[in-house]
Amino acid sequence: MEIQSPARKAWTLYGAVGLTVITVPKYLAAVDIVEGDGGEGSIAKLTPLSGSPYYEKFTKVDDKHMVKETEIIEGAFLDLGFTLYRVRFENIPTGKHSCITRTTIEWDVKEEYVANSSRVSILPSINIAKDIETYLLVNEEKDEDSK
């Protein structure tokens, strides 16, 4: 999805724990870093607005290339027979004031739970990308108004 904001500016929200500005309270009740500093190797506890908390590990946070990967390590999809659920975010510059945010979801599921694969959807990532774009545009306007 194309975002009308410089890639580095969008990365400030995708990288590390900046995304909590967007996801709490719209999609999640809470995001708590339970291990680490929010960088690579950190573990976050995500509490949905409804449902049980789950944990994800930041398996890759590459500020230089603007790539972040997370894997669910407890709860959520793993409770539905998945053995892997990994999300990769990439910010790709396309111009001075725009970038493409690419989201890739990888998963493996036990054969007896294969029907649960239909629960995997890119829609939440699309909605978050739209929210990030809106957030950046609104805050850019506020920054310019304060000058």
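In this predicted model, seven strands build an open sheet with antiparallel pairing. Their order is S1-S7-S6-S5-S4-S3-S2. Strand S1 (2-3) and strand S2 (28-35) each have a single partner strand, so one side of each lacks a neighbour in the sheet. Strands of a sheet pair through backbone hydrogen bonds.

Within the sheet, S5 (residues 67-74) and S6 (residues 82-95) pair over five bridges in the antiparallel sense. Glu69 has Arg88 of S6 as its bridge partner. Helix H1 (residues 7-14) lies across S4 (54-62), S5, S6 and S7 (98-109). The helix runs at about 155° to S6.

Met1 sits in the segment before S1. Its relative accessibility is 33%, so Met1 counts as partly exposed. Met1 and Cys99 are 98 residues apart in sequence, yet their C-alpha atoms are 8.4 Å apart in space. Leaving aside residues up to four places away in sequence, Met1 touches Cys99, Ile100, Thr101, Ile126, Ala129, Lys130 and Glu133.

**The largest pocket**

The largest pocket holds about 810 Å³ of space. It is lined by 29 residues. Leu46, Tyr54, Glu56, Pro124 and Ile128 are the closest of these to its centre. Helix H2 (20-23), S2, S3 (43-48), S4, S5, S6 and helix H3 (123-145) each give two or more residues to the lining.

| Class in the lining of the largest pocket | Count |
|---|---|
| Nonpolar | 21 residues |
| Polar | five residues |

Methods: Residues are numbered from 1 along each chain as its sequence is written. This is a predicted model: local features need pLDDT of at least 70, side-chain atom pairs count only at pLDDT 80 or more; totals for chains, interfaces and linings use all residues. Side-chain values use heavy atoms; hydrogens and water are left out. Two strands pair if DSSP finds at least two bridges between them. Helices (H or I, at least four residues) and strands (E, at least two) are DSSP runs, numbered from the N terminus. Contact means heavy atoms within 4.5 Å. Axes are lines fitted to C-alpha atoms, for helices over the stretch in contact, and angles run from 0 to 180 degrees between N-to-C directions. Buried means under 20% relative accessible area, exposed over 50%, partly exposed in between (1.4 Å probe, protein chains only). On a 1 Å grid over the protein atoms alone, a cavity is a set of points where a 1.4 Å probe fits but cannot get out, and a pocket is an open set with protein on both sides within 12 Å along at least five of seven lines; lining residues have an atom within 4 Å of a point. Grid points are joined across faces, edges and corners, and a volume is the space filled by probe spheres set on the points. Ala, Val, Leu, Ile, Met, Phe, Trp, Tyr, Cys and Pro count as nonpolar, Asp, Glu, Lys and Arg as charged, and the others, Gly among them, as polar.
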